[in-house]
Amino acid sequence: MTESPTPSANDIVKEVEVSGLRLAYGGKEVLHGISFDVYRNEILAVIGPAQSGKTSMLRCLNRTIDFTASASVSGSVKVGGEDVRKMSDVFALRRRIGMVAPLPTGLPLSIYDNVAFAPRCSGVTRKADLEPVVEKCLRQAALWDEVKDRLDSLGTALSGGQQQRLTIARALSHRPEILCLDEFSIAIDPVTTMRIEDVLKELREEITIILVTNLTQQARRLSDRTMFLLEGEIVEIDATDVIYSGDAKSEKTRDYVNGVFG
Amino acid sequence: MSAEPRARTARAVRPRAAVLAEKALEAVIRLSGVSAIVFVAAIFFFVLREAAPVLFSEGFSLKQFLFSTEWYPTSATNVRYGTFALTVGTVSVTALAMVLAVPFGLGAAIFLSEFCSPRVRETLKVVIELLSAIPSVVWGFVGLTVMSKLIVSATGAPVGVNVLNGGIILALMSVPVIVSIGEDALKAVPDSFREAGVALGATRWQLVYRVLLPAAKNGLLAAVLLGVGRAVGETMAVLMATGHAVHIPGSLLDSVRTLTANIAAELGEAPSGSDHYRVLFLTGTLLFLITLVVNLTADFVVRGIRRK
(Lines give C-alpha, C1' and ligand atoms only; values in the text may rest on other atoms or scores of the structure.)
Protein backbone atom coordinates (compact mmCIF):
# COMPACT_ATOMS: atom_id res chain seq x y z
CA MET A 1 0.00 0.00 0.00
CA THR A 2 1.28 3.43 -0.82
CA GLU A 3 0.73 6.60 1.10
CA SER A 4 -1.29 8.97 -1.04
CA PRO A 5 0.53 12.10 -2.12
CA THR A 6 -1.26 15.39 -1.85
CA PRO A 7 -1.79 17.13 -5.20
CA SER A 8 -2.08 20.65 -3.86
CA ALA A 9 -1.08 20.32 -0.31
CA ASN A 10 -2.29 23.62 1.15
CA ASP A 11 -6.13 23.61 1.43
CA ILE A 12 -6.96 19.99 1.55
CA VAL A 13 -9.87 19.07 3.73
CA LYS A 14 -10.41 15.41 4.40
CA GLU A 15 -14.10 14.70 3.83
CA VAL A 16 -13.81 10.98 4.45
CA GLU A 17 -11.10 9.28 6.44
CA VAL A 18 -10.94 5.52 6.39
CA SER A 19 -8.36 3.75 8.48
CA GLY A 20 -7.78 0.07 9.03
CA LEU A 21 -11.22 -0.83 7.72
CA ARG A 22 -11.81 -4.55 7.91
CA LEU A 23 -15.03 -6.19 6.86
CA ALA A 24 -15.98 -9.84 7.05
CA TYR A 25 -19.13 -11.62 5.96
CA GLY A 26 -19.47 -14.57 8.26
CA GLY A 27 -15.90 -15.85 8.51
CA LYS A 28 -14.83 -14.57 5.12
CA GLU A 29 -12.93 -11.31 5.19
CA VAL A 30 -13.50 -9.16 2.10
CA LEU A 31 -11.76 -5.95 3.14
CA HIS A 32 -8.38 -6.53 4.75
CA GLY A 33 -7.79 -3.33 6.65
CA ILE A 34 -7.84 -0.56 4.08
CA SER A 35 -6.92 3.05 4.77
CA PHE A 36 -7.48 6.03 2.53
CA ASP A 37 -8.81 9.58 2.57
CA VAL A 38 -11.21 11.36 0.28
CA TYR A 39 -10.62 15.08 -0.12
CA ARG A 40 -13.37 17.62 -0.28
CA ASN A 41 -14.50 18.52 -3.81
CA GLU A 42 -12.49 15.89 -5.57
CA ILE A 43 -13.65 12.98 -7.65
CA LEU A 44 -12.05 9.84 -6.34
CA ALA A 45 -12.37 6.89 -8.69
CA VAL A 46 -12.29 3.41 -7.23
CA ILE A 47 -11.38 0.83 -9.81
CA GLY A 48 -10.88 -2.89 -9.55
CA PRO A 49 -12.31 -6.14 -10.84
CA ALA A 50 -15.47 -7.74 -9.47
CA GLN A 51 -15.28 -9.11 -5.92
CA SER A 52 -12.65 -6.56 -4.88
CA GLY A 53 -14.88 -5.15 -2.14
CA LYS A 54 -15.77 -1.87 -3.85
CA THR A 55 -19.49 -1.99 -3.12
CA SER A 56 -18.91 -3.35 0.38
CA MET A 57 -16.61 -0.40 1.03
CA LEU A 58 -19.37 2.04 0.01
CA ARG A 59 -21.84 0.26 2.23
CA CYS A 60 -19.55 0.82 5.19
CA LEU A 61 -19.60 4.56 4.51
CA ASN A 62 -23.35 5.02 4.89
CA ARG A 63 -23.71 2.08 7.27
CA THR A 64 -26.18 0.21 5.12
CA ILE A 65 -23.80 -2.65 5.93
CA ASP A 66 -25.72 -2.80 9.23
CA PHE A 67 -28.52 -4.59 7.40
CA THR A 68 -26.33 -7.56 6.59
CA ALA A 69 -26.55 -9.59 9.75
CA SER A 70 -23.43 -11.63 9.02
CA ALA A 71 -21.20 -8.60 8.42
CA SER A 72 -18.65 -7.58 11.02
CA VAL A 73 -16.79 -4.30 10.68
CA SER A 74 -13.70 -3.06 12.43
CA GLY A 75 -11.43 -0.08 11.95
CA SER A 76 -12.77 3.41 11.58
CA VAL A 77 -14.65 5.38 8.97
CA LYS A 78 -14.93 9.11 9.56
CA VAL A 79 -17.21 11.38 7.61
CA GLY A 80 -16.59 15.06 8.20
CA GLY A 81 -14.29 14.11 11.06
CA GLU A 82 -16.90 12.08 12.88
CA ASP A 83 -16.79 8.31 13.29
CA VAL A 84 -19.84 6.90 11.51
CA ARG A 85 -20.17 4.00 13.90
CA LYS A 86 -20.45 6.35 16.87
CA MET A 87 -23.14 8.50 15.28
CA SER A 88 -26.45 8.30 17.05
CA ASP A 89 -28.55 9.43 14.09
CA VAL A 90 -27.63 7.03 11.33
CA PHE A 91 -30.49 8.38 9.19
CA ALA A 92 -28.93 11.83 9.18
CA LEU A 93 -25.60 10.27 8.17
CA ARG A 94 -27.27 8.55 5.22
CA ARG A 95 -28.72 11.86 4.12
CA ARG A 96 -25.22 13.35 4.06
CA ILE A 97 -24.18 10.68 1.58
CA GLY A 98 -25.93 10.31 -1.76
CA MET A 99 -25.81 6.76 -3.05
CA VAL A 100 -26.43 5.69 -6.64
CA ALA A 101 -26.77 1.95 -7.20
CA PRO A 102 -25.52 0.04 -10.28
CA LEU A 103 -28.99 -0.69 -11.60
CA PRO A 104 -31.45 2.17 -11.81
CA THR A 105 -33.98 1.72 -9.06
CA GLY A 106 -36.81 4.17 -9.49
CA LEU A 107 -39.05 3.72 -6.50
CA PRO A 108 -42.61 2.80 -7.48
CA LEU A 109 -43.74 6.37 -6.88
CA SER A 110 -44.22 9.36 -9.14
CA ILE A 111 -41.15 11.15 -10.47
CA TYR A 112 -41.90 14.02 -8.12
CA ASP A 113 -42.30 11.74 -5.10
CA ASN A 114 -39.09 9.94 -5.96
CA VAL A 115 -37.09 13.13 -5.71
CA ALA A 116 -39.09 14.46 -2.77
CA PHE A 117 -38.57 11.21 -0.85
CA ALA A 118 -35.47 12.10 1.13
CA PRO A 119 -36.53 15.67 1.98
CA ARG A 120 -39.83 14.28 3.23
CA CYS A 121 -38.06 11.69 5.34
CA SER A 122 -36.06 14.45 6.94
CA GLY A 123 -39.22 16.37 7.76
CA VAL A 124 -39.65 18.80 4.86
CA THR A 125 -43.27 18.43 3.83
CA ARG A 126 -44.44 21.85 2.67
CA LYS A 127 -45.10 21.94 -1.05
CA ALA A 128 -43.50 25.34 -1.38
CA ASP A 129 -40.29 23.98 0.13
CA LEU A 130 -40.28 20.76 -1.86
CA GLU A 131 -40.96 22.04 -5.35
CA PRO A 132 -37.78 24.09 -5.80
CA VAL A 133 -35.69 21.20 -4.47
CA VAL A 134 -37.27 18.74 -6.89
CA GLU A 135 -36.75 21.07 -9.84
CA LYS A 136 -33.17 21.89 -8.90
CA CYS A 137 -32.19 18.24 -8.47
CA LEU A 138 -33.82 17.16 -11.71
CA ARG A 139 -32.02 19.98 -13.49
CA GLN A 140 -28.73 18.98 -11.93
CA ALA A 141 -29.24 15.43 -13.12
CA ALA A 142 -30.02 16.69 -16.66
CA LEU A 143 -33.49 15.19 -16.54
CA TRP A 144 -35.73 18.19 -15.95
CA ASP A 145 -36.47 19.03 -19.58
CA GLU A 146 -37.53 15.49 -20.35
CA VAL A 147 -39.89 15.04 -17.42
CA LYS A 148 -41.08 18.50 -16.40
CA ASP A 149 -44.50 17.93 -18.01
CA ARG A 150 -45.12 14.57 -16.40
CA LEU A 151 -43.81 14.81 -12.88
CA ASP A 152 -46.74 12.79 -11.58
CA SER A 153 -46.17 9.76 -13.79
CA LEU A 154 -44.45 6.72 -12.35
CA GLY A 155 -40.68 6.88 -11.94
CA THR A 156 -40.41 3.19 -12.73
CA ALA A 157 -41.96 3.82 -16.15
CA LEU A 158 -38.99 5.88 -17.34
CA SER A 159 -36.33 4.38 -19.59
CA GLY A 160 -33.21 2.90 -18.01
CA GLY A 161 -31.05 5.94 -18.66
CA GLN A 162 -33.73 8.32 -17.44
CA GLN A 163 -34.26 6.24 -14.32
CA GLN A 164 -30.57 6.33 -13.60
CA ARG A 165 -30.61 10.12 -13.86
CA LEU A 166 -33.69 10.08 -11.62
CA THR A 167 -31.69 8.06 -9.12
CA ILE A 168 -28.96 10.69 -9.27
CA ALA A 169 -31.50 13.49 -8.82
CA ARG A 170 -32.83 11.59 -5.83
CA ALA A 171 -29.37 11.11 -4.39
CA LEU A 172 -28.84 14.87 -4.65
CA SER A 173 -32.19 15.75 -3.13
CA HIS A 174 -30.99 15.70 0.45
CA ARG A 175 -28.08 17.99 -0.48
CA PRO A 176 -25.41 15.43 0.37
CA GLU A 177 -21.82 16.37 1.05
CA ILE A 178 -20.63 13.20 -0.60
CA LEU A 179 -22.02 11.47 -3.67
CA CYS A 180 -21.18 7.81 -4.15
CA LEU A 181 -21.80 6.28 -7.54
CA ASP A 182 -21.55 2.52 -7.76
CA GLU A 183 -20.96 1.58 -11.38
CA PHE A 184 -23.72 3.94 -12.38
CA SER A 185 -23.28 3.40 -16.11
CA ILE A 186 -23.48 -0.36 -16.51
CA ALA A 187 -27.15 -0.28 -17.47
CA ILE A 188 -27.20 2.80 -19.67
CA ASP A 189 -26.08 3.76 -23.13
CA PRO A 190 -22.84 5.64 -23.90
CA VAL A 191 -24.57 8.89 -24.85
CA THR A 192 -26.48 9.10 -21.59
CA THR A 193 -23.32 8.09 -19.76
CA MET A 194 -21.48 11.04 -21.27
CA ARG A 195 -24.31 13.38 -20.25
CA ILE A 196 -24.16 12.13 -16.68
CA GLU A 197 -20.39 12.45 -16.69
CA ASP A 198 -20.77 16.11 -17.66
CA VAL A 199 -23.19 16.49 -14.77
CA LEU A 200 -20.65 14.99 -12.41
CA LYS A 201 -17.94 17.38 -13.55
CA GLU A 202 -20.20 20.30 -12.72
CA LEU A 203 -21.20 18.82 -9.38
CA ARG A 204 -17.60 18.59 -8.30
CA GLU A 205 -17.72 22.31 -7.51
CA GLU A 206 -20.19 21.61 -4.74
CA ILE A 207 -19.66 18.12 -3.45
CA THR A 208 -17.20 15.30 -3.07
CA ILE A 209 -17.67 12.36 -5.39
CA ILE A 210 -16.63 8.75 -4.95
CA LEU A 211 -16.96 6.99 -8.26
CA VAL A 212 -16.78 3.21 -8.21
CA THR A 213 -16.40 1.96 -11.72
CA ASN A 214 -15.43 -1.03 -13.79
CA LEU A 215 -14.61 1.21 -16.69
CA THR A 216 -11.00 2.25 -16.27
CA GLN A 217 -11.39 4.83 -19.03
CA GLN A 218 -14.32 6.41 -17.24
CA ALA A 219 -12.19 6.75 -14.15
CA ARG A 220 -9.48 8.33 -16.26
CA ARG A 221 -11.87 10.85 -17.86
CA LEU A 222 -13.47 12.00 -14.66
CA SER A 223 -11.40 11.57 -11.59
CA ASP A 224 -8.76 13.60 -9.84
CA ARG A 225 -7.36 10.63 -8.03
CA THR A 226 -7.76 6.94 -8.59
CA MET A 227 -7.68 4.12 -6.09
CA PHE A 228 -7.06 0.58 -7.29
CA LEU A 229 -8.71 -1.98 -5.07
CA LEU A 230 -7.89 -5.65 -5.58
CA GLU A 231 -9.17 -8.53 -3.48
CA GLY A 232 -9.97 -6.33 -0.53
CA GLU A 233 -6.68 -4.44 -0.47
CA ILE A 234 -5.62 -1.11 -1.85
CA VAL A 235 -2.94 -1.73 -4.43
CA GLU A 236 -2.36 1.92 -5.12
CA ILE A 237 -3.97 5.32 -4.68
CA ASP A 238 -2.56 8.27 -6.52
CA ALA A 239 -3.36 11.15 -8.84
CA THR A 240 -5.23 9.82 -11.85
CA ASP A 241 -2.57 11.21 -14.20
CA VAL A 242 0.04 9.16 -12.42
CA ILE A 243 -1.99 5.96 -12.36
CA TYR A 244 -2.65 6.12 -16.08
CA SER A 245 0.66 7.52 -17.21
CA GLY A 246 2.44 4.23 -17.04
CA ASP A 247 4.39 5.48 -14.04
CA ALA A 248 2.17 3.73 -11.53
CA LYS A 249 4.24 2.24 -8.76
CA SER A 250 2.68 -1.19 -8.86
CA GLU A 251 3.01 -3.46 -11.83
CA LYS A 252 -0.50 -4.76 -11.10
CA THR A 253 -1.92 -1.28 -11.48
CA ARG A 254 -0.16 -0.75 -14.79
CA ASP A 255 -1.41 -4.10 -16.05
CA TYR A 256 -4.95 -3.47 -14.90
CA VAL A 257 -5.33 -0.01 -16.43
CA ASN A 258 -3.79 -1.29 -19.64
CA GLY A 259 -6.28 -4.11 -19.81
CA VAL A 260 -3.82 -6.95 -19.24
CA PHE A 261 -6.14 -8.45 -16.64
CA GLY A 262 -9.40 -7.63 -14.89
CA MET B 1 -12.63 -30.04 -39.78
CA SER B 2 -14.47 -32.88 -41.39
CA ALA B 3 -17.09 -33.27 -38.65
CA GLU B 4 -18.42 -29.77 -39.11
CA PRO B 5 -21.05 -30.21 -41.86
CA ARG B 6 -22.50 -33.25 -40.12
CA ALA B 7 -22.74 -31.43 -36.86
CA ARG B 8 -24.63 -28.64 -38.57
CA THR B 9 -27.33 -30.88 -40.04
CA ALA B 10 -27.64 -32.87 -36.81
CA ARG B 11 -28.25 -29.71 -34.86
CA ALA B 12 -30.96 -28.40 -37.13
CA VAL B 13 -33.47 -31.18 -36.42
CA ARG B 14 -35.43 -31.20 -33.23
CA PRO B 15 -36.94 -34.54 -32.26
CA ARG B 16 -40.52 -34.72 -33.42
CA ALA B 17 -41.60 -36.06 -30.05
CA ALA B 18 -40.22 -32.99 -28.31
CA VAL B 19 -42.10 -30.67 -30.65
CA LEU B 20 -45.32 -32.57 -30.11
CA ALA B 21 -44.81 -32.75 -26.36
CA GLU B 22 -44.38 -29.00 -26.22
CA LYS B 23 -47.55 -28.48 -28.24
CA ALA B 24 -49.44 -30.87 -25.96
CA LEU B 25 -48.15 -29.13 -22.87
CA GLU B 26 -49.22 -25.78 -24.26
CA ALA B 27 -52.69 -27.16 -24.95
CA VAL B 28 -52.98 -28.52 -21.40
CA ILE B 29 -51.98 -25.18 -19.94
CA ARG B 30 -54.44 -23.37 -22.17
CA LEU B 31 -57.16 -25.78 -21.13
CA SER B 32 -56.53 -25.29 -17.42
CA GLY B 33 -56.64 -21.54 -17.93
CA VAL B 34 -59.90 -21.64 -19.84
CA SER B 35 -61.41 -24.17 -17.43
CA ALA B 36 -61.43 -21.57 -14.65
CA ILE B 37 -63.80 -19.42 -16.71
CA VAL B 38 -65.87 -22.46 -17.68
CA PHE B 39 -66.30 -23.54 -14.07
CA VAL B 40 -67.37 -20.11 -12.87
CA ALA B 41 -69.84 -19.79 -15.73
CA ALA B 42 -71.16 -23.32 -15.11
CA ILE B 43 -71.69 -22.75 -11.39
CA PHE B 44 -73.51 -19.52 -12.09
CA PHE B 45 -75.61 -21.23 -14.75
CA PHE B 46 -76.69 -24.17 -12.59
CA VAL B 47 -77.51 -22.03 -9.58
CA LEU B 48 -79.47 -19.65 -11.76
CA ARG B 49 -81.25 -22.56 -13.50
CA GLU B 50 -82.60 -23.78 -10.16
CA ALA B 51 -83.67 -20.26 -9.31
CA ALA B 52 -85.04 -19.08 -12.65
CA PRO B 53 -88.61 -20.49 -12.60
CA VAL B 54 -89.52 -18.47 -9.52
CA LEU B 55 -88.53 -15.26 -11.28
CA PHE B 56 -91.47 -15.73 -13.65
CA SER B 57 -93.93 -17.19 -11.20
CA GLU B 58 -96.96 -15.30 -10.02
CA GLY B 59 -96.78 -13.44 -6.77
CA PHE B 60 -93.00 -13.13 -6.89
CA SER B 61 -91.53 -9.69 -7.23
CA LEU B 62 -87.81 -9.07 -7.62
CA LYS B 63 -88.22 -5.75 -5.90
CA GLN B 64 -89.70 -7.43 -2.87
CA PHE B 65 -86.95 -10.06 -2.92
CA LEU B 66 -84.21 -7.47 -2.89
CA PHE B 67 -85.64 -4.69 -0.76
CA SER B 68 -88.22 -6.15 1.60
CA THR B 69 -87.21 -7.13 5.09
CA GLU B 70 -90.05 -9.61 5.42
CA TRP B 71 -88.77 -13.16 5.21
CA TYR B 72 -91.71 -15.53 5.83
CA PRO B 73 -91.05 -18.46 3.49
CA THR B 74 -93.30 -20.92 5.31
CA SER B 75 -96.22 -18.69 6.24
CA ALA B 76 -99.53 -20.49 5.66
CA THR B 77 -101.43 -17.45 4.52
CA ASN B 78 -99.01 -14.86 3.20
CA VAL B 79 -95.64 -16.10 1.95
CA ARG B 80 -93.08 -13.32 1.60
CA TYR B 81 -89.51 -13.63 0.37
CA GLY B 82 -87.67 -10.44 1.28
CA THR B 83 -83.93 -10.80 1.72
CA PHE B 84 -82.99 -7.24 2.53
CA ALA B 85 -82.46 -7.96 6.22
CA LEU B 86 -80.26 -10.91 5.29
CA THR B 87 -78.18 -8.75 2.95
CA VAL B 88 -77.81 -6.15 5.67
CA GLY B 89 -76.85 -8.96 8.05
CA THR B 90 -74.13 -10.17 5.72
CA VAL B 91 -72.86 -6.66 5.05
CA SER B 92 -72.82 -5.63 8.70
CA VAL B 93 -71.05 -8.73 9.96
CA THR B 94 -68.53 -8.57 7.10
CA ALA B 95 -67.93 -4.86 7.61
CA LEU B 96 -67.27 -5.30 11.31
CA ALA B 97 -65.01 -8.26 10.60
CA MET B 98 -63.00 -6.17 8.14
CA VAL B 99 -62.74 -3.19 10.45
CA LEU B 100 -61.15 -5.54 12.97
CA ALA B 101 -59.21 -7.82 10.65
CA VAL B 102 -57.65 -5.40 8.15
CA PRO B 103 -55.58 -3.34 10.63
CA PHE B 104 -54.54 -6.43 12.58
CA GLY B 105 -53.89 -8.47 9.47
CA LEU B 106 -51.88 -5.85 7.61
CA GLY B 107 -50.09 -4.86 10.80
CA ALA B 108 -49.11 -8.46 11.42
CA ALA B 109 -48.00 -8.84 7.80
CA ILE B 110 -45.79 -5.75 8.06
CA PHE B 111 -44.38 -6.93 11.38
CA LEU B 112 -43.60 -10.40 10.02
CA SER B 113 -42.02 -9.15 6.84
CA GLU B 114 -40.07 -6.13 8.08
CA PHE B 115 -39.65 -5.93 11.82
CA CYS B 116 -39.28 -9.31 13.45
CA SER B 117 -36.33 -11.64 13.71
CA PRO B 118 -36.25 -14.74 11.51
CA ARG B 119 -36.88 -17.06 14.45
CA VAL B 120 -39.94 -15.17 15.65
CA ARG B 121 -41.17 -15.05 12.07
CA GLU B 122 -40.96 -18.81 11.58
CA THR B 123 -42.79 -19.46 14.83
CA LEU B 124 -45.50 -16.94 14.12
CA LYS B 125 -46.04 -18.23 10.59
CA VAL B 126 -46.62 -21.74 11.88
CA VAL B 127 -49.11 -20.44 14.43
CA ILE B 128 -50.92 -18.36 11.81
CA GLU B 129 -51.15 -21.29 9.43
CA LEU B 130 -52.56 -23.36 12.28
CA LEU B 131 -55.11 -20.64 12.91
CA SER B 132 -56.27 -20.76 9.30
CA ALA B 133 -56.59 -24.53 9.45
CA ILE B 134 -59.19 -24.48 12.23
CA PRO B 135 -62.50 -25.72 10.74
CA SER B 136 -65.20 -23.10 10.63
CA VAL B 137 -67.58 -25.17 12.73
CA VAL B 138 -65.02 -25.07 15.54
CA TRP B 139 -64.97 -21.29 15.26
CA GLY B 140 -68.75 -21.56 15.56
CA PHE B 141 -68.33 -23.38 18.87
CA VAL B 142 -66.01 -20.68 20.09
CA GLY B 143 -68.55 -18.03 19.12
CA LEU B 144 -71.46 -19.86 20.64
CA THR B 145 -69.84 -20.66 23.98
CA VAL B 146 -66.75 -18.61 24.81
CA MET B 147 -67.33 -15.39 22.89
CA SER B 148 -71.03 -15.28 23.63
CA LYS B 149 -70.46 -15.47 27.41
CA LEU B 150 -67.72 -12.87 27.20
CA ILE B 151 -70.00 -10.48 25.33
CA VAL B 152 -72.87 -10.96 27.75
CA SER B 153 -70.68 -10.36 30.78
CA ALA B 154 -68.85 -7.42 29.20
CA THR B 155 -71.82 -5.55 27.74
CA GLY B 156 -74.81 -6.85 29.61
CA ALA B 157 -76.57 -7.68 26.35
CA PRO B 158 -79.47 -10.11 26.66
CA VAL B 159 -77.94 -12.52 24.14
CA GLY B 160 -74.31 -13.09 23.26
CA VAL B 161 -74.87 -14.27 19.71
CA ASN B 162 -75.04 -11.13 17.59
CA VAL B 163 -73.27 -8.90 15.05
CA LEU B 164 -70.37 -8.30 17.43
CA ASN B 165 -69.85 -11.99 18.05
CA GLY B 166 -70.07 -12.93 14.37
CA GLY B 167 -67.82 -10.02 13.39
CA ILE B 168 -65.13 -11.00 15.86
CA ILE B 169 -65.24 -14.65 14.84
CA LEU B 170 -65.08 -13.75 11.15
CA ALA B 171 -62.23 -11.35 11.84
CA LEU B 172 -60.31 -14.13 13.57
CA MET B 173 -60.92 -16.33 10.55
CA SER B 174 -59.89 -13.66 8.01
CA VAL B 175 -56.74 -12.45 9.75
CA PRO B 176 -54.63 -15.50 8.84
CA VAL B 177 -55.57 -15.12 5.17
CA ILE B 178 -54.72 -11.42 5.16
CA VAL B 179 -51.46 -11.99 7.03
CA SER B 180 -50.11 -14.72 4.80
CA ILE B 181 -51.06 -13.10 1.47
CA GLY B 182 -50.03 -9.66 2.74
CA GLU B 183 -46.66 -10.94 3.90
CA ASP B 184 -46.07 -12.55 0.52
CA ALA B 185 -46.89 -9.26 -1.16
CA LEU B 186 -44.42 -7.36 1.01
CA LYS B 187 -41.74 -9.99 0.60
CA ALA B 188 -42.17 -9.68 -3.16
CA VAL B 189 -41.05 -6.04 -3.10
CA PRO B 190 -37.51 -6.08 -4.51
CA ASP B 191 -34.75 -5.49 -1.97
CA SER B 192 -33.34 -2.80 -4.25
CA PHE B 193 -36.32 -0.63 -3.23
CA ARG B 194 -35.51 -1.17 0.43
CA GLU B 195 -31.86 -0.37 -0.15
CA ALA B 196 -32.73 2.75 -2.14
CA GLY B 197 -35.09 3.95 0.59
CA VAL B 198 -32.61 3.27 3.36
CA ALA B 199 -29.79 4.99 1.49
CA LEU B 200 -32.00 8.08 1.30
CA GLY B 201 -32.16 8.19 5.06
CA ALA B 202 -35.55 6.58 5.61
CA THR B 203 -36.22 5.10 9.02
CA ARG B 204 -37.79 1.68 9.21
CA TRP B 205 -41.26 3.08 9.53
CA GLN B 206 -40.74 5.66 6.78
CA LEU B 207 -39.52 2.83 4.59
CA VAL B 208 -42.73 0.90 5.29
CA TYR B 209 -45.20 3.62 4.53
CA ARG B 210 -43.33 5.55 1.87
CA VAL B 211 -41.90 2.63 -0.12
CA LEU B 212 -43.28 -0.76 0.80
CA LEU B 213 -46.97 0.04 1.09
CA PRO B 214 -47.10 1.85 -2.29
CA ALA B 215 -45.00 -0.88 -3.91
CA ALA B 216 -47.06 -3.73 -2.52
CA LYS B 217 -50.48 -2.09 -2.71
CA ASN B 218 -51.88 -4.49 -5.31
CA GLY B 219 -50.88 -7.53 -3.34
CA LEU B 220 -52.13 -6.01 -0.10
CA LEU B 221 -55.46 -5.19 -1.71
CA ALA B 222 -55.67 -8.77 -2.92
CA ALA B 223 -55.00 -9.91 0.65
CA VAL B 224 -57.81 -7.73 1.99
CA LEU B 225 -60.15 -8.94 -0.76
CA LEU B 226 -59.49 -12.57 0.01
CA GLY B 227 -60.27 -11.72 3.61
CA VAL B 228 -63.56 -10.11 2.52
CA GLY B 229 -64.30 -13.14 0.37
CA ARG B 230 -63.73 -15.41 3.31
CA ALA B 231 -66.01 -13.29 5.50
CA VAL B 232 -68.83 -12.93 2.95
CA GLY B 233 -68.80 -16.60 2.09
CA GLU B 234 -68.44 -18.01 5.58
CA THR B 235 -71.53 -19.95 6.63
CA MET B 236 -71.23 -22.31 9.54
CA ALA B 237 -69.45 -20.03 11.98
CA VAL B 238 -71.80 -17.11 11.40
CA LEU B 239 -74.81 -19.40 11.55
CA MET B 240 -73.76 -20.34 15.06
CA ALA B 241 -72.45 -16.97 16.22
CA THR B 242 -74.90 -14.37 14.96
CA GLY B 243 -78.17 -15.49 16.51
CA HIS B 244 -80.05 -16.20 13.29
CA ALA B 245 -82.74 -13.56 13.68
CA VAL B 246 -84.14 -11.97 10.50
CA HIS B 247 -83.84 -8.41 11.59
CA ILE B 248 -82.09 -5.21 10.54
CA PRO B 249 -79.59 -4.66 13.33
CA GLY B 250 -79.84 -1.39 15.24
CA SER B 251 -76.63 -1.94 17.13
CA LEU B 252 -73.70 -4.30 17.35
CA LEU B 253 -75.51 -6.25 20.04
CA ASP B 254 -78.48 -7.20 17.87
CA SER B 255 -78.80 -10.66 16.44
CA VAL B 256 -78.82 -10.98 12.66
CA ARG B 257 -79.01 -13.62 9.99
CA THR B 258 -76.74 -13.67 6.95
CA LEU B 259 -77.52 -14.76 3.39
CA THR B 260 -75.24 -17.76 3.67
CA ALA B 261 -76.52 -18.92 7.04
CA ASN B 262 -80.08 -18.61 5.77
CA ILE B 263 -79.40 -20.89 2.82
CA ALA B 264 -77.61 -23.46 4.94
CA ALA B 265 -80.32 -23.53 7.58
CA GLU B 266 -83.34 -23.68 5.28
CA LEU B 267 -82.35 -25.57 2.16
CA GLY B 268 -82.75 -28.92 3.91
CA GLU B 269 -86.30 -28.01 4.91
CA ALA B 270 -87.45 -26.65 1.57
CA PRO B 271 -89.11 -29.23 -0.71
CA SER B 272 -87.13 -29.60 -3.91
CA GLY B 273 -88.71 -27.58 -6.71
CA SER B 274 -90.86 -25.45 -4.41
CA ASP B 275 -90.83 -21.66 -4.57
CA HIS B 276 -88.98 -21.59 -1.26
CA TYR B 277 -86.29 -23.88 -2.67
CA ARG B 278 -85.95 -21.71 -5.76
CA VAL B 279 -85.80 -18.49 -3.79
CA LEU B 280 -82.93 -19.93 -1.75
CA PHE B 281 -81.07 -20.58 -4.99
CA LEU B 282 -81.83 -17.03 -6.04
CA THR B 283 -80.26 -15.94 -2.75
CA GLY B 284 -77.20 -17.92 -3.81
CA THR B 285 -77.16 -15.99 -7.09
CA LEU B 286 -77.39 -12.76 -5.13
CA LEU B 287 -74.36 -13.78 -3.04
CA PHE B 288 -72.52 -14.60 -6.21
CA LEU B 289 -73.29 -11.14 -7.60
CA ILE B 290 -72.21 -9.43 -4.37
CA THR B 291 -68.79 -11.08 -4.49
CA LEU B 292 -68.55 -10.26 -8.19
CA VAL B 293 -69.24 -6.59 -7.50
CA VAL B 294 -66.69 -6.51 -4.68
CA ASN B 295 -64.03 -8.06 -6.90
CA LEU B 296 -64.79 -5.84 -9.86
CA THR B 297 -64.70 -2.72 -7.71
CA ALA B 298 -61.36 -3.75 -6.32
CA ASP B 299 -60.10 -4.44 -9.81
CA PHE B 300 -61.09 -0.96 -10.94
CA VAL B 301 -59.47 0.55 -7.88
CA VAL B 302 -56.23 -1.28 -8.61
CA ARG B 303 -56.32 -0.21 -12.25
CA GLY B 304 -56.95 3.35 -11.17
CA ILE B 305 -53.94 3.25 -8.89
CA ARG B 306 -51.82 1.61 -11.56
CA ARG B 307 -52.69 4.17 -14.22
CA LYS B 308 -51.68 6.98 -11.93
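**Cores and chain contacts in a predicted model**

The largest nonpolar core holds 126 residues, of which A:C180, A:L211 and B:I178 touch the most other members. Such a core is a set of buried Ala, Val, Leu, Ile, Met, Phe, Trp, Tyr and Cys residues joined through C-beta atoms within 7 Å; a residue is buried if 20 or more other C-beta atoms, placed from the backbone, lie within 10 Å of its own. Helix α7 of chain B (residues 163-187) gives the most to this core, namely 15 residues. Helices are DSSP runs of H or I with at least four residues, strands are runs of E with at least two, and both are numbered from the N terminus. Apart from this core lies another, of twelve residues, including B:F65, B:W71, B:L259 and B:L282.

The model is predicted: local features need pLDDT of at least 70, side-chain atom pairs count only at pLDDT 80 or more, and totals for chains, interfaces and linings use all residues. Residues are numbered from 1 along each chain as its sequence is written, while chains are lettered from A and ligands numbered from 1 in the order in which they are written.

Between the chains, 20 residues of chain A are in contact with 16 residues of chain B, contact being defined by C-beta atoms, placed from the backbone, that lie within 7 Å. On the side of chain A that touches chain B, the largest share, four residues, comes from α2(A).

In helix α8 of chain B (residues 191-199), the buried residues include B:F193, B:R194 and B:V198. The buried residues of α8(B) pack against α2 and β6 (97-100) of chain A, together with α9 (204-215) of chain B. Just after α8(B), B:G201 takes a positive phi of about 90°.

Definitions and conventions
Contact = placed C-beta atoms within 7 Å.
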